[in-house]
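Biologist: I have a new structure open on my screen. Could you show me how to read it, one feature at a time?

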Amino acid sequence: MTVEEFLAEWNNDSDCVAVHTSGSTGAPKLMMAKKRRMEASARMTCKTLGLSRGDKALVCLPMDYIAGKMMVVRCVTCGLDMMCVEPSGHPLATVSSRIDFAAMVPMQVFNSLEDDVERQRLMDIGNLLIGGGAIDERLESALREFPNAVWSSYGMTETLSHIALRRLDGEHASLWYCPLDGVRVSLDSDGCLVVSAPAVCGQELHTHDLAVVEDTDSGQRFRITGRIDNVICSGGVKIQIEEVEDALRPYLSAPFMITRRPSEKFGEEVVMLTEDDDTDAVLSVCRRVLPRYSQPKACRHVASLPVTATGKPARGEAAKIWK
């Protein structure tokens with residue numbers, strides 16, 4: 001879908017827009033998003049970031065998913081000056097004017113940092129919003145040097161993009177997300193985040209994200225610790241996939257992914273995929289770095305790790321490779 005095609009859909013007589021979920025935990029699903037709720041989300045974001053009518057916004061994400069659509073809705077709803085470029089891994093390659101607001105996925109930010117000219121253009125963006133995937137520790141460290149505001153977003157298609165932000169730059173950097181105005185969070189009995197955002201979602205949303213929630217003098221904040229469906233229960237021991245990956249990441253240069261496979265003895269067990277040809281060396285690192293119960297029982301080489309259309313790890317596909 002192009003920006004022009006989305007604008008035609010936005011301006012038609014329907015009160016809804018068709019959007020697809022990312023498919024990070026299964027097949028992408030179609031949902032109908034109400035335009036008035038998308039407008040409410042746009043106003044929440046622009047208010048939080050202090051954006052004003054006439055500010056220049058870069059639209060560089062695909063229109064097939066909610067992140068790209070919402071960038072256009074923010075421009076239309078709040079009067080931002082929309083600059084569109086073809087979605088690519090180098091969104092700033094042809095952009096020479098200063099940008100007040102841009103939203104990108106981590107891969108676009110990483111690529112831009114690798115080029116001196118694009119890096120400077122990235123640093124000049126007034127508000128840089130990063131979402132759609134996990135931000136690597138090394139990438140986060142590089143962004144702390146930025147002179148302007150850099151944000152990591154928390155949200156999903158069902159919440160019409162983000163409902164909380166955390167700063168990544170300089171002295172403002174934090175591991176904690178702060179909900180936008182009108183958003184409340186809590187935990188369910190499993191320790192998963194529950195989102196109440198009546199302006200953008202008609203009912204409470206029970207996520208699969210394990211979290212810690214705190215109430216402070218300045219409001220609520222929360223930190224994501226993993227996903228409940230990314231817990232491997234092996235021989236009665238619960239192993240959080242993200243924790244294992246975080247422990248290995250400083251020691252493995254090639255892309256990898258922790259997943260599971262059925263086990264007659266343990267019920268299920270930890271295994272992994274890697275783009276490194278030397279799987280024995282990878283397993284050796286695992287044995288050196290990880291506690292015994294979380295060490296992968298096997299490692300398989302793949303040409304490329306399974307990812308969704310939006311670049312997130314396709315956990316379901318990874319598990320299928322081992323079945």
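Predicted model: local features only at pLDDT ≥ 70, side-chain atom pairs only at ≥ 80, totals over all residues.

Biologist: Into which domains is the protein chain divided?

Modeller: Domain 1 covers 3–180 and domain 2 covers 235–322; such bounds come from an automatic or database domain assignment. The C-alpha centres of domain 1 and domain 2 lie 30 Å apart. Their contact (heavy atoms within 4.5 Å) takes 8 residues from domain 1 and 9 residues from domain 2.

Biologist: How do I read the area that domain 1 and domain 2 bury between them?

Modeller: The size of an interface is often given as the accessible area lost when the parts come together. Buried area is that loss, found with a 1.4 Å probe and summed over both parts. Here domain 1 and domain 2 bury about 730 Å² between them, with 54% of it on carbon and sulfur atoms. By class, the side of domain 1 that touches domain 2 has 1 nonpolar, 5 polar and 2 charged residues. In this scheme Ala, Val, Leu, Ile, Met, Phe, Trp, Tyr, Cys and Pro count as nonpolar, Asp, Glu, Lys and Arg as charged, and the others, Gly among them, as polar.

Biologist: How many salt bridges are there between domain 1 and domain 2?

Modeller: The general idea first: side chains of opposite charge can pair when their charged atoms come close. A salt bridge is a side-chain nitrogen of Lys or Arg within 4 Å of a carboxyl oxygen of Asp or Glu. Between domain 1 and domain 2 the count is 0, whereas a search of the whole structure finds 16 salt bridges.

Biologist: Which residue forms a salt bridge with Asp15?

Modeller: Lys34 does, with the closest N and O atoms 3.8 Å apart. Asp15 is in the loop between helix 1 (3–10) and strand 1 (16–20), and Lys34 is in strand 2 (residues 30–34), 19 residues apart. Helices (H or I, at least four residues) and strands (E, at least two) are DSSP runs, numbered from the N terminus.

Biologist: And where do Arg119 and Glu145 lie?

Modeller: Arg119 forms a salt bridge with Glu145, the closest N and O atoms being 3.3 Å apart. Arg119 lies in helix 5 and Glu145 in the loop between helix 6 and strand 7 (149–156), so the pair ties together parts 26 residues apart in sequence. Arg119 is partly exposed at 22% relative accessible area, while Glu145 is exposed at 56%. With a 1.4 Å probe and protein chains only, buried means under 20%, exposed over 50% and partly exposed in between.

Biologist: Is Asp209 buried or exposed?

Modeller: Asp209 is buried, with a relative accessible area of 10%. The side chains of Asp209 and Arg227 meet in a salt bridge (3.3 Å, N to O). Salt bridges that share partners join Asp209, Arg227 and Asp229 into one network.

Biologist: Which residues of helix 4 are buried?

Modeller: In helix 4 (residues 106–114) they are Pro106, Gln108, Val109, Asn111, Ser112 and Leu113. What covers them includes strand 5 (101–104), helix 5 (116–123), strand 6 (127–130) and helix 6.

Note on methods. Residues numbered from 1 in each chain as written. Heavy atoms only, no water. Buried area = accessible area lost by both parts, 1.4 Å probe.
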